[in-house]
Structures are given as structure tokens and as C-alpha cells.
Amino acid sequence: MTSHCRRPEHTAPPDVFYNEAEAKKYSQNSRMIEIQTQMSERAVELLNLPEGQPCFLLDVGCGSGLSGDYLSEEGHYWVGVDISTAMLDVALDREVEGDLLVGDMGQGMPFRSGTFDGCISISALQWLCNADKRTHSPPKRLYTFFSTLYSSLSRGSRAVFQLYPENSEQLELITTQAMKAGFGGGMVVDYPNSSKAKKFFLCLFAGVTGALPKGLGTETSDRALSNQVQYSGQRCRFKGMKGKSAKKGRDWILEKKERRRRQGREVRADTKYTARQRRPHF
């Protein structure tokens, strides 16, 4: 955890930094799509949702809807909140299946108590540690966010935040405000001894206490304990893809169309031309 002079949150406020040009990267850059989906997969894994049961989830800082795409693939329903209208416009253009809401997480979550079965957030939480306006107080904004999020979650659910902390003081600030709001849990660090693969996940419990999941790449001698969540540590989802997006191919398109039919949406009929690659226009 070292400080970098080119961190995005030091460049501009999130609604300014994530402009139209930046938002396009999240729909065109295959590397970004791959990383975002991998982190979403891990966040959902840490949520420890009931197997085979659709859940209603909140995606904070949903951006262009890449993490929401994974939630839909897993059969869940979701609502996404983001401060950047440019990112949400990209999500609309991509026809994501979740509902979208413009909102500043630092002003709290405007949902009824017990609405969601869980919450994920990818690369968004660290933005609350900056004071972009004179009226902004990072501790107060963090507490407002966590306290309203705690209320909107059903008891026994979890919230998982993938974040890029700048230093240990920032981590302490975030976790302190989360615990003050009523959450239990703590930090899960994947591959702690790797400079490139190391990832931080804040895993919070709403209304219950439980054993904190083990981070991937850590040596564990107690894997057989019944009260520990077990993970294989294998990341094979994108093996051999060489940077290409997983969201292509006839099978994926047909599956997506079938999901939309089940949701009562209007979908074009399947033909021999479905998913056929078109020639480029000059």
C-alpha cells in the first residue's frame, strides 16, 4: 500500500473524472472488462449467497454495469447506483438488466429498510476518503453511507467492497466508520505477498457475526474447519482468452435473450442470423 501521485481520486471528483471518454473505456477495453468481471466474481463469492437462489442485490458505484452483468449471469436481480451520468449512459447503451440510479454514495442510500439481500462495490469506496468540496468531511460521509447501507440490508446479509486503499490510515478510517455504523467483519486480502495480484476486499456482516473468509493465496492449515467458508483459489474463468471479452458468442447471446424473455421483456426472435458476425462498414 503506497501512495501514488496519479491515483484517479487525486485527479478530479468522480463525476468529473468519469466523463464520456473515460466511460467508453469500460465498454471497449477488453482488459478492463476482464478485470472488472473477475473482481465482481470474487465479491459475489465473498457474499456467500444461498446456492441456486436468486437474490436482490445492490451495486454501489456500478459504473457501466460490468459487475451487474455478472450478477445477471448468476441469476440475481440488482439495482446500481453511481454518481457519474456518463458511466450510467454507457450502461444504458449496453442494455444492462438492472435498474440504475444516479446518486452520491456519500449522501447515503435512499432505500427502505431490509430491501437488499447483499451489496457489492468494485473500486468505488476509496473515493469517499477525499474531500472534493469544502463541506465534505470524509468520516461523516463514510458514516452516512455505511449507516444507511446497514439499514437497507436484510439482517444476516453481507456487503463486500473491493477497494484500492492509499495507505493504512485510510483503511483504518474506512473500517472504523463501518463498525461505528453497526457492521461486523473486516478486511480480506487476496494474494497478500504479490505486488500485482494483491486485492483488498472489505467484507461486512449486517446484524450477525461470522468467521471472516480466508484470502486467496494465503497458507491455511485449518481448511477442514466446518465454520470456515472454503474457496478453491482457482481462477479459471478467463483462461486462454488473451484479453477478449467473455460477453460474445452465440451461446451467451441466446442465454441472455432467454433470461429477458423470462423477465417479460420484448426480445427479437431467434434466427439463423442471431449472433452472426457482421462485416465492417466503410
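Gln177 lies in helix 8 of this predicted model, where helices (H or I, at least four residues) and strands (E, at least two) are DSSP runs numbered from the N terminus. Because its relative accessibility is 9%, Gln177 counts as buried; buried means under 20% relative accessible area, exposed over 50%, and partly exposed in between, with a 1.4 Å probe and protein chains only. Leaving aside neighbours within four places in sequence, Gln177 is in contact with Pro139, Leu142, Tyr143 and Phe146, contact meaning heavy atoms within 4.5 Å. Thr176 is also placed in helix 8, but at 41% relative accessibility it counts as partly exposed.

Residues are numbered from 1 along each chain as its sequence is written. As the model is predicted, local features need pLDDT of at least 70 and side-chain atom pairs count only at pLDDT 80 or more, while totals for chains, interfaces and linings use all residues; side-chain values use heavy atoms, with hydrogens and water left out.

The chain holds nine helices and seven strands. The seven strands form an open sheet of mixed pairing, in the order 3-2-1-4-5-7-6; two strands pair if DSSP finds at least two bridges between them. Strand 3 (99-102) and strand 6 (184-190) stand at the edges with a single partner strand each, so one side of each has no neighbour in the sheet. From one strand to the next, the twist averages 15 degrees. Within the sheet, strand 1 (residues 56-60) and strand 4 (residues 116-122) pair in the parallel sense over three bridges, and Asp59 stands opposite Ile120 in strand 4. Helix 6 (residues 85-93) lies across strand 2 (77-82) and strand 3, and runs at about 165 degrees to strand 3. Such angles run from 0 to 180 degrees between N-to-C directions, and the axes are lines fitted to C-alpha atoms, for helices over the stretch in contact.

The next topic is the nonpolar cores. A nonpolar core is a set of buried Ala, Val, Leu, Ile, Met, Phe, Trp, Tyr and Cys residues joined through side-chain atoms within 4.5 Å. The largest has 30 residues, and those with the most contacts inside it are Leu125, Phe145, Phe146, Leu149 and Phe161. Two or more residues each come from strand 1, strand 2, strand 4, helix 7 (138-152), strand 5 (153-163), helix 8 (168-180) and strand 7 (199-205). Helix 7 gives the largest share, five residues. A second, separate core of 20 residues includes Met39, Val44, Leu46 and Val160.

Helix 4 (residues 30-47) has 18 residues and reaches 26 Å from its first C-alpha to its last, close to the 26 Å expected at 1.5 Å a residue; the expected span is 1.5 Å times one less than the number of residues. Its buried residues include Ile33, Glu34, Thr37, Arg42 and Leu47. Asn48 follows helix 4 and has a positive phi, near 55 degrees.

Over the whole chain of 282 residues, buried residues make up 46%. Of the contacts with a separation of 6 or more, 66% join residues 24 or more positions apart.
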